[in-house]
Amino acid sequence: MASVIYQVVESNRTYVDQIYSPDQEKCFDALVQLKNSVIGSNKQKSAVIQLGILTRLIRILNDEKSSPELLVETAVILGSLAKGTDEHVCSLVDAGVIPALLNGTRCVLEHHCVMNYKMAGFRPSLEPEENVAPTELGRRNRITHPCQRYVEACLRCLRTIFGSSCAPVSVLYQDSNIIPHLIHLIPQSIYNQECITTILTHCCQTPEQQTILCNSGAIQATAALLCSPVYRVQMPSLNCLAQMCHKNEKVSNAASTASFGGKSIPDILVGLLARDKPNEMQLASAKCLTYICRAGAISPEDPKILYKALSCLVRMCKKDKLCNERITAAETLSYLIDVDTELQRVASISDHLISSLTEFLKYQPDPTLSAGGSSVVSLTHMKKVNFEMKLALEMKQAAFKAFASLGSNDEDIRKRIIDTDSLMDHIVSGLSDGNAKVSLAAVRCLHSLSRSVQQLRTTFQDHTVWKPLMQLLHGAQDDILIVASSTLCNLLLEFSPSKEPILESGAVDLLCSLTCRDDPSLRLNGIWALMNMAFQAEQKIKSQILNSLGTDQIFRLLSDSDVNVLMKTLGLLRNLLSTKPHIDYIMGLHGKQIMQAVILILEGDHNAEVKEQALCILANIADGDSAKNFIMSNEDVLKKLASYMMHTNIKLQIAATFCISNLIWNEEEGALERQIKLRELGIQKLLQQMLNTNDTTLFDKVKTALQQFT
């Protein structure tokens, strides 16, 4: 790099020196030469930055004495430098170019332009006029803004900078006047409209930023721009609207009610869905409607969604569309229908969608690509091959996402998807794909399809999907691990043929380790899968679960802040304590700890559903032979049962009564002694009082319990 800098300095010594000249004319000529040297050359850009010329360029922008021509040329050079690499953008940011450019969009109006207005006999009118087409406003204001070129040059440079991943988005929100100022500039010209909407799109990344843009008038400004006849204004405006509305109910509500020229934004978007519009515009409009709908601002049953946006997205999945269009359509469609069963149903029968999505999985890189003889051709060839490979991966990912959403609720749709030729082979292959995004999409698809009882018994077993799934669970990233472990929960249901081989592959230790993770979703999936695994399991499996999990971890899970984790942990204990031999065996080993856990729940501040589970565990313990003694020997627990028998919650009364019934069942050894003790505690009288209940289930439980007393 040092030699490159030396060559630049020596070969361009004159103009490099003249950039620093106080003579603005000489400086301007030098800037023109500098601009011509950096355009299209990253090597020259790097050299110029290394020379430290950025400091001089920014000084020119900040100098009130700089002529408009000098300012424009400087901003253009900075824009060219920003179009280099991310490293070049970082250098610009570190040098402080963003504040200088933002200041340029202000001071040019305050200083140069105001002077020129007076000289030309004009008065600046910066307030946007309502219900006037954006292009007409731009045409009027370009006449009255001699320095508009500088504003546009600054905005173009800012657009390029904020398009980089290293741009500090937060800088636009440090001063509350910046966003309103940019929106205020929108009507001035077509270039402003194009650049500012793109800048706002890049800088809208959080709910707070979405709200700031909305409160600053971005929604209303966008509504006007959507009506522009200029394509390069409409597209960034659509992208900006989508970015603002994404998962934001407040902004989406504002967008659904905003209007321009007597038409609401949703109606404007429907107009942009017309088939005579470019595909890119149709897709962007459908995405806007999708985001507004998913945020709850438009009903999924609204014809704009059901018959316009949905139909457009399905149509754009067809094979005659460009690959990038098909990818965008499938991913947007997946998001639109993900939580609505009616949209899923309509989509599944629309325009052969399932067949169209299947074609995504068959996409192969262009076979005509072949390496050339020279190194230049080979490099070009490799770029094309890499692009085609990336496209194939994105096609798979999009198809898996769409299939996952389509089959998330309806059994008939799942069957039609699974019956698609070779789909399961593609899913199994996707699980093992080296690309994490493809693996995640594949496992989400598998998770959706695994909700089918019939498919778990047949197709899933035929393709042994549990093998790649188990491999995926080892060392996967958390986002993949969450979906994969949730899928495993379904594969461990008692009717699934995959349950036994999964157990043999070391699933117990893996699932127990998940219960120790920080992410509550992983803890939930881990304990949920263990609960399914323990249902009607053999004693050795139950013992393996208890030994691997440990009673200390069970106590931690029973104290979990996530009530779902707590409920599944109690469900696991219920399943472990089923069938008399298993109950007696497990209580013989861990009875003291299990009773402590149950008492912990009954005495804790928990809702009725949680306490019902704890009482059901006691009922299971009471069904054992020797295990009964853990309850009968604990008078405090017996008193708790009595209090829950008189609880205002019917379900708690039923669970407590069922436990009592198991304790005194007269066909079991020692029943008489237990009946005498409970009679002394007043349990029989409580049961007699409960005969007055209006609940038929509770009445039957009470009657059965009373019949046991001899």
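Analyst: The model is predicted, with local features needing pLDDT of at least 70 and side-chain atom pairs pLDDT 80 or more, while totals for chains, interfaces and linings use all residues. Residues are numbered from 1 along each chain as its sequence is written, and side-chain values use heavy atoms, without hydrogens and water.

User: What makes H18 largely enclosed by the rest of the structure?

Analyst: Of its 16 residues, 12 are buried, so H18 is largely enclosed by the rest of the structure. Buried means under 20% relative accessible area, exposed over 50%, and partly exposed in between, with a 1.4 Å probe and protein chains only. The buried residues are Met 281, Gln 282, Leu 283, Ala 284, Ser 285, Ala 286, Cys 288, Leu 289, Thr 290, Tyr 291, Ile 292 and Cys 293. Helices are DSSP runs (H or I, at least four residues), numbered from the N terminus; cover is counted by contact, that is, heavy atoms within 4.5 Å.

User: How do you know that the span of helix H18 agrees with its number of residues?

Analyst: The expected span is 1.5 Å times one less than the number of residues. For the 16 residues of H18 (residues 279-294) this gives 22 Å, and the end C-alpha atoms are 22 Å apart, which agrees. Gly 296, with a positive phi near 90°, follows H18.

User: Why is the pair of Tyr 291 and Tyr 335 given the class it has?

Analyst: Ring centres of Phe, Tyr and Trp (its six-membered ring) must lie within 6.5 Å to pair; planes under 30 degrees apart are stacked, over 60 edge-to-face, and the rest tilted. By this rule there is one aromatic pair. The centres of the Tyr 291 and Tyr 335 rings are 5.7 Å apart and the planes stand at 80°, so the pair is edge-to-face. Tyr 291 belongs to helix H18 and Tyr 335 to helix H20, 44 residues apart. Both Tyr 291 and Tyr 335 are buried.

User: What makes Arg 294 count as lying over the face of Tyr 335?

Analyst: The rule asks for NZ of Lys or CZ of Arg within 6 Å of the ring centre and within 35 degrees of the ring normal. Arg 294 lies over the face of Tyr 335, at 4.3 Å from the ring centre. Arg 156 lies over the face of Tyr 191 at 5.8 Å.

User: Why are the contacts of Lys 580 with Asp 623 called a salt bridge?

Analyst: A salt bridge needs a side-chain nitrogen of Lys or Arg within 4 Å of a carboxyl oxygen of Asp or Glu. The N to O distance between Lys 580 and Asp 623 is 3.5 Å, and the side chains meet in a salt bridge. Lys 580 lies in helix H37 (residues 580-603) and Asp 623 in the loop between helix H38 (608-622) and helix H39 (629-632), so the pair ties together parts that are 43 residues apart in sequence. The structure holds 23 salt bridges.

User: Which residue forms a salt bridge with Lys 580 at 2.7 Å?

Analyst: Glu 668 does, with its closest N and O atoms 2.7 Å apart. Glu 668 lies in the loop between helix H41 (650-663) and helix H42 (671-680), so this pair ties together parts that are 88 residues apart in sequence. Salt bridges that share partners join Lys 580, Asp 623, Asp 625, Lys 628 and Glu 668 into one network. Asp 625 forms its salt bridge with Lys 580 at 3.9 Å.

User: Are these residues buried, exposed or partly exposed, and what decides it: Lys 580, Asp 623, Asp 625 and Glu 668?

Analyst: The relative accessible area decides it. Glu 668 has 16% and is buried. Lys 580 has 27% and is partly exposed, Asp 623 has 28% and is partly exposed, and Asp 625 at 45% is partly exposed.

User: How do you know that Gln 653 is buried?

Analyst: Gln 653, found in helix H41, has a relative accessible area of 10%, which puts it in the buried class. Leaving aside neighbours within four places in sequence, Gln 653 is in contact with Tyr 644, Met 645, Met 646, His 647, Met 690 and Leu 698.

User: What makes a set of residues a nonpolar core, and which residues have the most contacts inside the largest one?

Analyst: A nonpolar core is a set of buried Ala, Val, Leu, Ile, Met, Phe, Trp, Tyr and Cys residues joined through side-chain atoms within 4.5 Å. The largest has 240 residues, and Leu 172, Leu 618, Ile 631 and Leu 663 have the most contacts inside it. Among the residues that Ile 631 touches are Met 595, Leu 618 and Leu 663.

Terms used:
Helix = DSSP H or I, 4+ residues; strand = E, 2+ residues; numbered from the N terminus.
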